[in-house]
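Please examine the sequence and the model shown here before reading the explanation.

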Amino acid sequence: MAHFERVDIDPDFKTTMDLGAVLPQTAQIKDGHLYIGGVDTVELAKEYGTALYVMDELHIRTQLRNYLEWTRFHWKNVDVVYAGKAFISMAMCKLVEEEGCFLDVSSGGELALALASGFPAERIFSHGNNKTLPELTEAIEAGVGRIVVDSFEELERIDQLACERNLQQSVLIRVTPGVVADTHEYIQTGSEDSKFGFGLKDGLALDAVKRALQLPGVDFRGLHMHIGSQIFALNSYAKAIEVIVHFMDEIREQTGFTVAELDTGGGLGIAYGVPDEPSTIKQYGKVIVDDIKEHCEQHDLPVPRIMVEPGRSIVANAGVTLYTVGTIKAIPNIRTFVAIDGGMTDNIRPALYGARYEPVIANKADKPRDSVVTIAGKHCESGDVVVVNTPLQTAEVGDIVCVFATGAYCQSMASNYNKQVRPGVVFVRDGQSRLVVRRETYDDLMRCEVGL
Ligand SMILES: Cc1ncc(COP(=O)(O)O)c(C=O)c1O
């Protein structure tokens, strides 16, 4: 049985710049090569080796600034909390701090890395549906700004840990608004049947708020929701906001407490392919803030401090992955496999949920994509592909393949399957490159081995 659908598609004859919104902001073609941040990607491949993640620093900063601008345009009291799970490194934490944003971490490891980068603890939000006792302890002792509470057990644990230290921990309570976002089911999180948060319909969320208000070690500040990721239809947010502001009203009625903070999560979609037309940050900012204001007005509630938590839309299009073509296998009347020196270990998304990408050959970036191939990884799984049936410039062994929009959920989900060393990460800006995460070595692969 064929592992992949055999679809007869034609080459699209597009050249790199035709890929539009998929590209990093500073993508350019010079002398037939793809440049990002003013740096020749073919030279980057030579200098740092492949596979390699390359991130356009200006693109990341622009996205963070756009979020600040287009949310605060409608309401001054908004903070942007970058979701580190999309891509985190010490250099990224530094950049988020420099841009005046907050940081969301979802494990003790992410917290440790953020703190090691010097990121201020009070600007960190701690997430997760099952934070372990050591993780909660670390977060509270570090003095994180908010813990986003996901269960009754966690509420009691936070209270106990805080009281033992004579502290009060500020928390948000995560609510599942019962809205099914228009996205892949693996990345929907706001429906009632979700492992995340407290449901509204069965009264659990209200019980959680009431309990939080009773606990001396807990300083209840407000609510959090996150309805999913890679969302194109903004009306999913509008619906969820209507529901959650209604819940804020119910909280006031039932407890007398006025919710002071509302975090609407992340999720804005991005262009992975040329036909994708995601909403803009400007449109998103308007829907989030205006809808909260409008519903608060209807319920005669003060407008809370608003937080948004974007991840993918900050870094996805900023990042590309560079690979070297190692083998080309043309199977007559079936398909041509172009095999590269990476794959599911540096980008699990195609295997995990059939994600699609746009590739070009960086050293032929001005040529039309005049063939159709399947870009395969080097790992021991037939499902290890980067892009199935994709237009590409005619490939030869030694070419540098560039896959776009890999800045989010690729490096952060990378693995050592087949004992593959994970690639390094290079930031590029103004004609300069700097290595911010080095490629792993075989020694790294063995550093946890403690004996025979
Ligand atoms: C709680 C929370 N906030 C923010 C995000 C970021 O979402 P995105 O990368 O889609 O913007 C996620 C991602 O799943 C999340 O779970």
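The structure is a predicted model, in which local features need pLDDT of at least 70 and side-chain atom pairs count only at pLDDT 80 or more, while totals for chains, interfaces and linings use all residues. Residues are numbered from 1 along each chain as its sequence is written.

The protein chain is assigned two domains: domain 1 comprises 16-56 + 316-446, and domain 2 comprises 58-312. These bounds come from an automatic or database domain assignment. The C-alpha centres of domain 1 and domain 2 are 32 Å apart. Helices (H or I, at least four residues) and strands (E, at least two) are DSSP runs, numbered from the N terminus.

The ligand is surrounded by 16 residues, of which the closest are Ala83, Ser229, Gly266, Gly311 and Arg312. A residue is near a molecule if its C-beta atom, placed from the backbone, lies within 6 Å of it. The shell around the ligand has 4 nonpolar, 8 polar and 4 charged residues.

Helix α7 (residues 204-214) has the buried residues Ala205, Ala208, Val209 and Ala212. They lie on the same side of α7 because they cover an arc of only 100° around the axis, the arc being that of the directions from the helix axis to the C-beta atoms. A residue is buried if 20 or more other C-beta atoms lie within 10 Å of its own, exposed if 12 or fewer, and partly exposed in between, with C-beta atoms placed from the backbone. An α-helix has 3.6 residues a turn, so residues three or four places apart point the same way. The buried residues of α7 pack against α6 (152-164), β9 (169-176), β10 (198-199), β11 (218-224) and α8 (235-255). The exposed residues Asp207 and Gln214 are on the face of α7 turned away from its buried side.

Leu19 is in the segment before β1 (28-30) and counts as buried because 20 other C-beta atoms lie within 10 Å. Leaving aside neighbours within four places in sequence, Leu19 is in contact with Lys14, Val274, Glu358 and Phe404. Leu19 and Tyr272 are 253 residues apart in sequence, yet 9.7 Å apart in space, C-alpha to C-alpha.

Most residues other than glycine have a negative phi, and most peptide bonds are trans. Phe13, in the segment before β1, has a positive phi near 55°; Phe13 is exposed because it has 12 C-beta neighbours inside 10 Å. Gln230 also has a positive phi, near 55°, and is found in the loop between β11 and α8. Gln230 is buried, as 24 other C-beta atoms lie within 10 Å. The peptide bond from Thr50 to Ala51 is cis, with omega near -5°, and Ala51 is in the loop between α1 (41-48) and β4.

Notes:
Two residues are in contact if their C-beta atoms, placed from the backbone, lie within 7 Å. Ala, Val, Leu, Ile, Met, Phe, Trp, Tyr, Cys and Pro count as nonpolar, Asp, Glu, Lys and Arg as charged, and the others, Gly among them, as polar.
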